[in-house]
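Colleague: Please take me closely through the part of this model that comes at the start of the chain, and then connect it to what lies around it. I would like the cut-offs given as the terms come up.

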Amino acid sequence: MTIHSSHPDIIARLKRAHGHLAAVLTMFEQGRSCLDLAQQLHAVESAVGNAKRELIHDHIEHCLVEGGEPTRDMLKELKQLTKYL
């Protein structure tokens, strides 16, 4: 398993998103307004999306830029990653 320098930051982002999602569940249980819920769910979605983007960008930089000449396997993996952007 490879740990990149960005992983601790990504983990911190996901932990915050996890806590935020737990708060949204509580908001549902409390009967908060749909507008409040939608706004908070959007924030959770954005946080997860930003973590995903950071992971992919870091992977591209680490494996393709710092990895030297791209191999077929590296390019194949990059193509697979693009479906998650």
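Modeller: A residue is called buried under 20% relative accessible area, exposed over 50%, and partly exposed in between, with a 1.4 Å probe and protein chains only. This is a predicted model, in which local features need pLDDT of at least 70 and side-chain atom pairs count only at pLDDT 80 or more, while totals for chains, interfaces and linings use all residues. Residues are numbered from 1 along each chain as its sequence is written, and side-chain values use heavy atoms, with hydrogens and water left out.

The part to look at is helix α1, which covers residues 7–29. Helices (H or I, at least four residues) and strands (E, at least two) are DSSP runs numbered from the N terminus. Helix α1 has 23 residues, and the distance from its first C-alpha to its last is 33 Å, close to the 33 Å expected at 1.5 Å a residue; the expected span is 1.5 Å times one less than the number of residues.

Now the faces of the helix. The buried residues of α1 are His-7, Ile-10, Ala-17, Val-24 and Met-27. An α-helix has 3.6 residues a turn, so residues three or four places apart point the same way. Ala-12 is also placed in helix α1, but it counts as partly exposed because its relative accessible area is 28%.

Arg-13 forms a salt bridge with Asp-9, the closest N and O atoms being 3.2 Å apart; the term requires a side-chain nitrogen of Lys or Arg within 4 Å of a carboxyl oxygen of Asp or Glu. Because Arg-13 and Asp-9 are four residues apart in helix α1, about one helical turn separates them. Arg-13 has 26% relative accessibility, so it counts as partly exposed. Asp-9, with a relative accessible area of 36%, is therefore partly exposed as well.

The search of the whole structure finds two salt bridges. The other entry joins Arg-32 to Asp-36, with 3.5 Å between the closest N and O atoms. Arg-32 counts as partly exposed because its relative accessibility is 38%, and Asp-36, at 26%, is likewise partly exposed.

Leu-21, Leu-25, Phe-28 and Leu-41 make a nonpolar surface patch of about 360 Å². Patch residues have over 30% relative accessible area and no salt bridge; like charges are joined within 9 Å, and nonpolar side chains (Val, Leu, Ile, Met, Phe, Trp, Tyr) within 5 Å. Areas come from the Shrake-Rupley method with a 1.4 Å probe, and for residues only the protein chains shown count as cover. Helix α1 gives the most to this patch, with three residues; Leu-25 is one of the patch members and lies in helix α1.

From Leu-41 the view can be carried along the chain. Lys-52 is 11 residues from Leu-41 in sequence and 17 Å from it in space, C-alpha to C-alpha. Lys-52 has its place in helix α2, which comprises residues 34–65, and it is partly exposed because its relative accessible area is 38%. Glu-45 lies in helix α2 too; at 55% relative accessible area it is therefore exposed. Glu-45 and Thr-71 are 26 residues apart in sequence, and their C-alpha atoms are 34 Å apart.

The secondary structure comes to three helices and zero strands, in the order α-α-α along the sequence. The C-alpha trace spans about 55 × 25 × 15 Å along its principal axes. Of the 85 residues in the protein chain, 20% count as buried, and those in α1 are His-7, Ile-10, Ala-17, Val-24 and Met-27.
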